[in-house]
Amino acid sequence: MPPDTPNTKVGDSEHPDNWWREQLSNLYGLFVVSMMMFDGRDPDDILRLATTSLPALCECIADTVYLRVDRALIPAHGDTPDPDLVTALLSLDGQSGPVPTKDGRWRWAMALGSPAELLGYLVVCSRSEPSSEEFFLIKALAQQTSGALASARLHQREREHATALLTLNTELQALNGRLSESVARLEAQTRVHERLGEVSASGAGEAGIALALHELTGLSAAVEDRFGNLLAWAGPDRPDPYTKVVPHRREALLRQAAAVPHPIRVQTRVISLAKPRQEVLGVIALVDPRHTAGAHEVFALEYATTVLALELSHQRSLAQAELRLRRDLVDDLIAGTDEHSAYARADALGHDLRGTHQVVVVKWSRTQTDDAVAAAAAAAAAALQLPSLISRRAGSVVLLAPGPLVGVSLHRALADKLGGTAGAVGVGGRCRGPTDVPRSYAEAVRAADVRRGSRSPDGTTSYDQLGLYRILDTGAGTGEVQAFVQEWLGELLTYDQRKSADLVHTLSQYLECGGNYDETAAALLIHRSTLRYRLGRIRNICGHDLTDVDDRLNLHVATRAWQVLRRPE
């Protein structure tokens, strides 16, 4: 008898017909149970079917079921483990065999699976030892249960494998999607690099950059200088006229954009600053009223900003180099240089120095820097289509341009560029060659100084308009002029210095206004009664009669000489 078979009772060799029918019925029931076990049930249902079917096959019941989990035996239905039973089952070493009981009942552990791949144990018990026929049925049921469990586990592994494959396939599809997006993004970025690289290499400038950005994004593109002036536009719906914000709002916008390292949205626009070395040279913007700009458009805008920064930086470097050369030429012309060298250097700069020229000296308000005035002068000359050479000397800006010049138009253009009229423009006499430039410069300086010292310090004065001032400013007989001023104004000058008064200036304005009380009071910003009092003090101090023609002429000449001799503030 095999080792896993108990000493079962042997029945009679001859059995009645009903016994055979009963055995056939048991076998049929075992067959049905087996079919049910293999119909795709999970392990818990298979074990439940095995334990509930056992009493129908024999006089035994299922005591418990232990399953092997990670080399340990665990109760199948969440029962509390029996340490003695677990020890007994482990001692069987994967074989079927008896297990002891405390009440003396018969109990047998049917191994589920094989010793090489043990699935667990089905522990059955009975009040008495079953017959060989019953034990056969128990064993057959255990074998069917083992096969069903193995099949269920196999199906479970297949389902897990299928699920894992499905998960992996989903992840691969997602990865392929991301890779496709990355490839598409890289291709789009490559197109941006190539298109804007072509623009940079071709020297198309701001217009080419704006056009390329429009083609790459489908949105209108605008390029502005730091002040908000339009440099280039590409795309539909160009504003006409182009709106320019007021300066303080423009500066606030530039500070806001410079505070972050990426483009910002301002109402219907996405803007980016071209600022190499932290200096804002320009602004490039995408016009996006529908807020459709995404990552691609922002990338194209950022790369276009880089190209624009290089373009504007290159233009500035060229302009600065040319400006230095122009300044050096103007400075040398003012100091005096030979004609041949001057013509050659001017030709190299693209300026025709031959023909009549005039020197212009611009002295503007101290609130403006020399650089700002020089830039405004260059822009004003360009707006007037006036070719010029520009330099800076002694707190003023010097222009050398073909004559005859209309100084009023130049002053008006400067005021428009600088946002105010607080400045004087002096125009020197005509130069027929480079050797005349020093004289014209000196004349322009004198004209600007006289203008600043006059009662209307803002505006334009040419040397030809100085009249009497030209006689007073010849440089000869300066001591005699000073003596003349002292003779007629000395007492007033002494009184002004001692009392911190302004009687000489009051007298000068009175004489310049032709003795008109209303005009003089308005020019001095005082009341008529105050003016009348000051004029009375002037008569008493200097002792001259303002109604006498000779005294009045001498006093008028003396006040103008005083304006020429003093240093303008």
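In the predicted model, the C-alpha centres of domain 3 and domain 4 are separated by 31 Å. These two belong to a domain assignment of the chain that comprises domain 1 (20-155), domain 2 (203-317), domain 3 (349-465) and domain 4 (478-566).

Strand E13 (residues 396-402) is largely enclosed by the rest of the structure, because six of its seven residues are buried. Being buried here means having under 20% relative accessible area. Strand E13 pairs with two other strands. With strand E11 (residues 357-364), E13 runs antiparallel and is joined by six bridges; in this pairing, Gln 358 stands opposite Ala 401 of E13. With strand E12 (residues 389-393), E13 is likewise antiparallel, and five bridges join the two. Ser 391 has Val 398 of E13 as its bridge partner. Strands E12 and E13 form a hairpin in which two residues lie between them. In the turn of this hairpin, Ala 394 has a positive phi of about 50°.

A further feature concerns the surface. Leu 165, Leu 168, Leu 172, Leu 175 and Leu 179 make a nonpolar surface patch of about 420 Å². One of these residues, Leu 172, is found in helix H4, which spans residues 132-202. Leu 172 counts as partly exposed because its relative accessibility is 42%, and this class covers values between the limit for buried residues, under 20%, and that for exposed residues, over 50%.

Definitions and conventions
Residues are numbered from 1 along each chain as its sequence is written. This is a predicted model: local features need pLDDT of at least 70, side-chain atom pairs count only at pLDDT 80 or more; totals for chains, interfaces and linings use all residues. Side-chain values use heavy atoms; hydrogens and water are left out. Patches are made of residues with over 30% relative accessible area and no salt bridge: like charges are joined within 9 Å, nonpolar side chains (Val, Leu, Ile, Met, Phe, Trp, Tyr) within 5 Å. Accessible areas come from the Shrake-Rupley method with a 1.4 Å probe; for residues, only the protein chains shown count as cover. A salt bridge is a side-chain nitrogen of Lys or Arg within 4 Å of a carboxyl oxygen of Asp or Glu. Helices (H or I, at least four residues) and strands (E, at least two) are DSSP runs, numbered from the N terminus. Buried means under 20% relative accessible area, exposed over 50%, partly exposed in between (1.4 Å probe, protein chains only). Two strands pair if DSSP finds at least two bridges between them. Domain bounds come from an automatic or database domain assignment.
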